[in-house]
Amino acid sequence: EVQLVESGGGLVQAGGSLRLSCAASGFTFESYTMGWFRQAPGKEREGISCASNSDGSTYYADSVKGRFTISRDNANSTVYLQMDSLKPEDTAVYYCARFIGPTMLFYDFWGQGTQVTVSS
(Lines give C-alpha, C1' and ligand atoms only; values in the text may rest on other atoms or scores of the structure.)
Protein backbone atom coordinates (compact mmCIF):
# COMPACT_ATOMS: atom_id res chain seq x y z
CA GLU A 1 0.00 0.00 0.00
CA VAL A 2 1.00 3.59 -0.50
CA GLN A 3 2.71 5.06 2.54
CA LEU A 4 3.95 8.61 3.07
CA VAL A 5 5.59 9.33 6.41
CA GLU A 6 6.60 12.88 7.30
CA SER A 7 9.18 13.78 9.89
CA GLY A 8 11.28 16.74 10.96
CA GLY A 9 8.69 19.08 12.40
CA GLY A 10 9.08 20.78 15.71
CA LEU A 11 9.29 24.07 17.55
CA VAL A 12 11.62 26.74 16.26
CA GLN A 13 12.10 30.46 16.79
CA ALA A 14 11.33 32.96 14.07
CA GLY A 15 14.24 33.18 11.69
CA GLY A 16 15.25 29.60 12.31
CA SER A 17 15.26 26.57 10.05
CA LEU A 18 13.78 23.10 9.83
CA ARG A 19 14.15 20.31 7.30
CA LEU A 20 11.14 18.11 6.70
CA SER A 21 11.47 14.64 5.23
CA CYS A 22 8.89 12.40 3.59
CA ALA A 23 9.64 8.71 3.22
CA ALA A 24 7.55 7.10 0.49
CA SER A 25 6.83 3.45 -0.17
CA GLY A 26 4.34 1.20 -1.90
CA PHE A 27 4.56 2.77 -5.36
CA THR A 28 6.97 3.78 -8.09
CA PHE A 29 8.21 6.99 -6.52
CA GLU A 30 9.97 8.37 -9.59
CA SER A 31 6.73 8.24 -11.60
CA TYR A 32 4.98 10.90 -9.53
CA THR A 33 5.23 14.56 -8.76
CA MET A 34 5.74 14.90 -5.02
CA GLY A 35 5.19 17.89 -2.81
CA TRP A 36 3.91 19.51 0.34
CA PHE A 37 0.86 21.36 1.56
CA ARG A 38 0.03 22.78 4.95
CA GLN A 39 -3.00 23.40 7.10
CA ALA A 40 -3.18 25.93 9.92
CA PRO A 41 -6.10 26.48 12.30
CA GLY A 42 -8.58 28.94 10.83
CA LYS A 43 -6.94 28.88 7.41
CA GLU A 44 -7.55 27.01 4.19
CA ARG A 45 -5.20 24.33 2.98
CA GLU A 46 -2.26 25.86 1.18
CA GLY A 47 -0.10 24.16 -1.40
CA ILE A 48 3.51 24.93 -0.56
CA SER A 49 5.81 23.27 -3.04
CA CYS A 50 6.17 20.36 -5.42
CA ALA A 51 8.86 18.72 -7.51
CA SER A 52 8.08 17.22 -10.89
CA ASN A 53 8.80 13.63 -11.77
CA SER A 54 9.29 14.41 -15.46
CA ASP A 55 11.40 17.50 -16.11
CA GLY A 56 12.93 18.41 -12.76
CA SER A 57 10.88 21.56 -12.40
CA THR A 58 9.77 22.86 -9.02
CA TYR A 59 6.95 25.05 -7.81
CA TYR A 60 6.76 27.31 -4.79
CA ALA A 61 3.88 29.25 -3.37
CA ASP A 62 4.50 32.98 -3.15
CA SER A 63 4.25 32.78 0.62
CA VAL A 64 7.37 30.60 0.85
CA LYS A 65 9.33 31.46 -2.29
CA GLY A 66 12.91 32.31 -1.51
CA ARG A 67 12.72 30.72 1.93
CA PHE A 68 11.79 27.08 1.28
CA THR A 69 13.55 24.61 -0.99
CA ILE A 70 12.16 21.29 -2.16
CA SER A 71 14.33 18.39 -3.24
CA ARG A 72 13.87 14.71 -3.92
CA ASP A 73 16.03 11.62 -3.78
CA ASN A 74 14.48 9.14 -6.17
CA ALA A 75 16.97 6.42 -5.26
CA ASN A 76 15.70 6.50 -1.69
CA SER A 77 12.08 7.47 -2.41
CA THR A 78 12.34 10.55 -0.22
CA VAL A 79 11.28 14.15 -0.68
CA TYR A 80 12.55 16.98 1.48
CA LEU A 81 11.48 20.49 2.33
CA GLN A 82 14.20 22.77 3.64
CA MET A 83 12.56 25.67 5.47
CA ASP A 84 14.66 28.72 6.24
CA SER A 85 13.85 32.16 7.65
CA LEU A 86 10.77 30.75 9.31
CA LYS A 87 7.98 33.07 10.37
CA PRO A 88 5.18 32.60 12.91
CA GLU A 89 2.79 32.55 9.94
CA ASP A 90 4.43 29.29 8.85
CA THR A 91 2.98 27.52 11.87
CA ALA A 92 0.87 24.64 10.55
CA VAL A 93 0.68 20.92 10.07
CA TYR A 94 2.74 20.06 7.00
CA TYR A 95 1.69 17.17 4.79
CA CYS A 96 3.61 15.32 2.11
CA ALA A 97 1.49 14.31 -0.88
CA ARG A 98 1.57 12.41 -4.15
CA PHE A 99 0.24 14.61 -6.94
CA ILE A 100 -1.54 13.45 -10.06
CA GLY A 101 -2.71 16.63 -11.79
CA PRO A 102 -1.59 20.04 -13.06
CA THR A 103 -2.16 21.93 -9.82
CA MET A 104 -1.61 21.21 -6.15
CA LEU A 105 -5.30 20.46 -5.73
CA PHE A 106 -4.82 17.14 -7.54
CA TYR A 107 -3.40 14.60 -5.12
CA ASP A 108 -4.48 11.12 -4.17
CA PHE A 109 -2.35 10.22 -1.14
CA TRP A 110 -0.85 12.15 1.73
CA GLY A 111 0.85 11.44 5.00
CA GLN A 112 -0.15 11.91 8.60
CA GLY A 113 1.46 15.32 8.79
CA THR A 114 4.12 16.85 10.98
CA GLN A 115 3.58 19.88 13.19
CA VAL A 116 5.71 22.97 12.63
CA THR A 117 5.45 25.70 15.25
CA VAL A 118 7.33 28.97 14.85
CA SER A 119 7.51 31.25 17.86
CA SER A 120 8.04 34.99 17.67
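Reply: Happy to! Let's begin with Ser85, which counts as partly exposed at a relative accessibility of 41%; on this scale, buried is under 20% relative accessible area, exposed is over 50%, and partly exposed is in between, using a 1.4 Å probe and protein chains only. Ser85 sits in the loop between S8 and S9. Strands here are DSSP runs of E of at least two residues, helices are runs of H or I of at least four, and both are numbered from the N terminus. The backbone of Ser85 has a phi near 50 degrees, which is positive although the residue is not glycine.

Before going on, two notes on reading the numbers. This is a predicted model, so local features need pLDDT of at least 70 and side-chain atom pairs count only at pLDDT 80 or more, while totals for chains, interfaces and linings use all residues. Residues are numbered from 1 along each chain as its sequence is written, and side-chain values use heavy atoms, with hydrogens and water left out.

Now for another serine, Ser77. Its phi is near 50 degrees, again positive in a residue other than glycine. Ser77 belongs to the loop between S7 and S8, and it counts as buried because its relative accessible area is 19%. What does Ser77 touch, once neighbours within four places in sequence are set aside? Its contacts are Cys22, Ala23, Ala24 and Phe29, where contact means heavy atoms within 4.5 Å. The C-alpha atoms of Ser77 and Thr28 are 8.5 Å apart in space, although 49 residues separate the two in sequence.

Four strands make up an open sheet in the order S1-S3-S8-S7, and their pairing is antiparallel; two strands pair if DSSP finds at least two bridges between them. At the edges are strand S1 (3-7) and strand S7 (68-73), each of which pairs on one side only. On average, neighbouring strands in this sheet are turned by 15 degrees against each other, with direction ignored. Such angles run from 0 to 180 degrees between N-to-C directions, with axes fitted as lines to C-alpha atoms, for helices over the stretch in contact. Six bridges join strand S3 (residues 18-25) to strand S8 (residues 78-83) in the antiparallel sense. Ala23 has Thr78 in S8 as its bridge partner.

The bond joins Cys22 to Cys96, with the sulfurs 2.1 Å apart, and it is left-handed at -75 degrees about the S-S bond. Cys22 lies in strand S3 and Cys96 in strand S9, so the link ties together parts that are 74 residues apart in sequence. Cys22 is buried at 0% relative accessible area, and Cys96 is buried at 0% as well. Cys50 counts as buried, with 14% relative accessibility.

Finally, the charged pairs. There are five salt bridges by the rule that a side-chain nitrogen of Lys or Arg lies within 4 Å of a carboxyl oxygen of Asp or Glu. Among them is the pair of Asp62 and Lys65, at 3.3 Å from N to O, and both residues are exposed. Another joins Asp90 to Arg67, with the closest N and O atoms 2.7 Å apart. Asp90 is in the loop between S8 and strand S9 (92-99), and Arg67 is in the loop between strand S6 (58-60) and S7, so-called distant parts of the chain 23 residues apart. Asp90 is buried at 1% relative accessibility, and Arg67 is buried at 11%. Asp108 pairs with Arg98, also with its closest N and O atoms 2.7 Å apart. Since Asp108 is in strand S10 (residues 107-110) and Arg98 in strand S9, this pair ties together parts ten residues apart in sequence. Asp108 is partly exposed at 27%, whereas Arg98 is buried at 7%. Salt bridges with shared partners also join Arg38, Glu46, Arg67 and Asp90 into one network.

How values were computed: Disulfide = S-S within 2.5 Å.
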